[in-house]
Amino acid sequence: MAYARDDIDLVRDKTDLVELASEITKVRRSGRSTMAVCPFHSEKTPSLSIDGGRGLYHCFGCGKSGDVYRWVQETQGLDFAGAVEFLARRAGVTLKVDPEAAKRRSRREELVDVTARAVRFYMNRLKTASDAGPARAYLRGRGYNADVVDQFSLGYSPDEWDELVKHLRDDGVKDEAMIKSGLASRSSRGSLIDRFRGRVMFPIFDVRGDAVGFGARILEGDGPKYLNSSESPIYHKSRLLYGLNWAKSEIVRSDTSVVVEGYTDVIAMHLAGMPVAVATCGTALGEDHLDLLRRFSERVVFAFDADEAGAEAALRGFDRSVPGDLDLRVAVLPEGKDPADVVAAGDVDKLRSAVDESQPLLKFRIESELAKYNLDEPEARTKAVRAAGAVIGLHPDPVTRHEYAVLVSRDTGVDLKFVEAAMRRTGSTSREAPPPDDGFGGDGAGPQPYRSGTFRTETELLRLMLANDERLASVELSRDLFLSDVTIEAYDKVAGIVSGLAPGEEPDLGSALGSDDSPSGALLATVALDATPLADPEDLVGLLEVAVIDTRIADVRSQLQKTEDTSDGQGYSELLQQLVGLEQQKRELRSER
Ligand SMILES: [Zn+2]
């Protein structure tokens, strides 16, 4: 929603970040700086510094920083507009919106209102109606008492044609709103009928806590076990996670979310004192779900029954690539059990330790691939290495890929270079930088670990420059992208060699590099001999831009740390502002990629 710039500034001015922070965490004022226990990572001594005057914060522990809006976005899981609305309400500011946006919003509010009425209707039926006996018995069988029903707003939809429709009409709700919100539909004879009949109702809330749809479990008779709301202007299953509204603050605090399969698994984990569980609503976990989770935690743990096809299906979303910025993990549960079973059996501790001891998703998948083969047989080993190589190739980070290749080589006894060859073949279709090769100064004993990811990226870019690759014309190259003395020097040399050449025209490297035995010359000579496929210059430049900002962030942070002990409030504020700006730039760069 587009709000007026001056409104946004006014709300910012009226908001006291220190007060806002003190609502969710421990805050200690000392002189002009205020320190708080950081809600974004787990800690006991405060390392989050708040500049109340400017409304900025920065954590020395985990590096998170931002302004009042960022704070609300991160702690409450709202988008920017949501954060503006939240703080405006708090500050008593009426926001000006353009009329189109206002109309859209009032439509949303109407549908949310109708859904909330339905939630209350179903709850009431569950608690009081005589025909809800089987539903109450089902919930009791699950160990849910009245408190649980209230906490999760559970309900029962009567096994009649139009009980909800009649109720909502009495409330003055228009037929069109019932259809739009997915609660009712027209029958072939033209009458309006309830979508959900004879089912236990699990209302699904969006991240703000508004009920937007339902998952409905059948009690008896034919039909799908679970029937979910159909897509509506407020219910988008690809962007909803059941339980996130209850789990988000604990997910932020523990930097861990746990993805389970069903609504009852979510509830079981909440009741077992692990309120970090979420579930998709009748669909596989997709990119949009991960974007949602990314806002709250870096660590995402999948807790599925290891046996079931469901686990395979849920992980299928990662068949083409895995996101490198999330710590995706798998918690292995006792065989044949899902989290709800484990809790029902009284084994809450087992569930907790399964989450604590979760292993990286890639490691889990590689090991399941290897387990399919008899590694004593040469042919089976070949197949196993190919299968594992394909999985490793999914990861965008070359260093991580290398680490896994070493692991597979060790587990199979197959030489590392064959493992890396297997993953190179599968990885070559991806648009990521090429997988590792022999590196520099290889002594024939296999690839050397990279000196650092950034150094590696810089040399890849130098290699493209040496080849005078045509694609370089479309990226912005500059020596500022290079961080080490030797690569900066090498950059200057290559720039000299290729200057005056048309894009794609091959430079005469022999004469240019032949007699140069300085470190940068030696580097270029090695780079020039590397015959592996060239990476996409745009990817490399993107990586380096982030690396450059990271260096500046580290620099400003160390200055900040020094200033903190002095009384230079002005200097401190300026540094903090710089830092927030850099973090912002970094986020923007990341989201472009
Ligand atoms: Zn922190």
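This is a predicted model: local features need pLDDT of at least 70, side-chain atom pairs count only at pLDDT 80 or more; totals for chains, interfaces and linings use all residues.
Q: Which residues of α4 are buried?
A: Here is the general idea first. An α-helix makes a turn every 3.6 residues, so residues three or four places apart point the same way. In α4, the buried residues are Ala83, Val84, Glu85 and Leu87. Their cover includes α1 (5–14) and α3.

Q: What happens just after α4?
A: Look at the backbone angle there: Gly92 takes a positive phi of about 70°.

Q: In what order do the five strands of the open sheet lie?
A: They follow the order β1-β2-β3-β4-β5, with antiparallel pairing. β1 (27–30) and β5 (65–67) each have a single partner strand, so one side of each has no neighbour in the sheet. From one strand to the next, the twist averages 20°.

Q: How many bridges join β1 and β2?
A: Four bridges link β1 to β2 (residues 33–36), in the antiparallel sense. One of the pairings to look for is Val27 with Ala36 in β2.

Q: Which strands does helix α3 lie across?
A: Helix α3 (residues 68–76) lies across β4 (56–59) and β5, and runs at about 115° to β5.

Q: How many helices and strands are there in the chain?
A: The chain has 25 helices and 17 strands. Of its 593 residues, 38% are buried.

Note on methods:
Residues are numbered from 1 along each chain as its sequence is written. Two strands pair if DSSP finds at least two bridges between them. Helices (H or I, at least four residues) and strands (E, at least two) are DSSP runs, numbered from the N terminus. Axes are lines fitted to C-alpha atoms, for helices over the stretch in contact, and angles run from 0 to 180 degrees between N-to-C directions. Two residues are in contact if their C-beta atoms, placed from the backbone, lie within 7 Å. A residue is buried if 20 or more other C-beta atoms lie within 10 Å of its own, exposed if 12 or fewer, and partly exposed in between; C-beta atoms are placed from the backbone.
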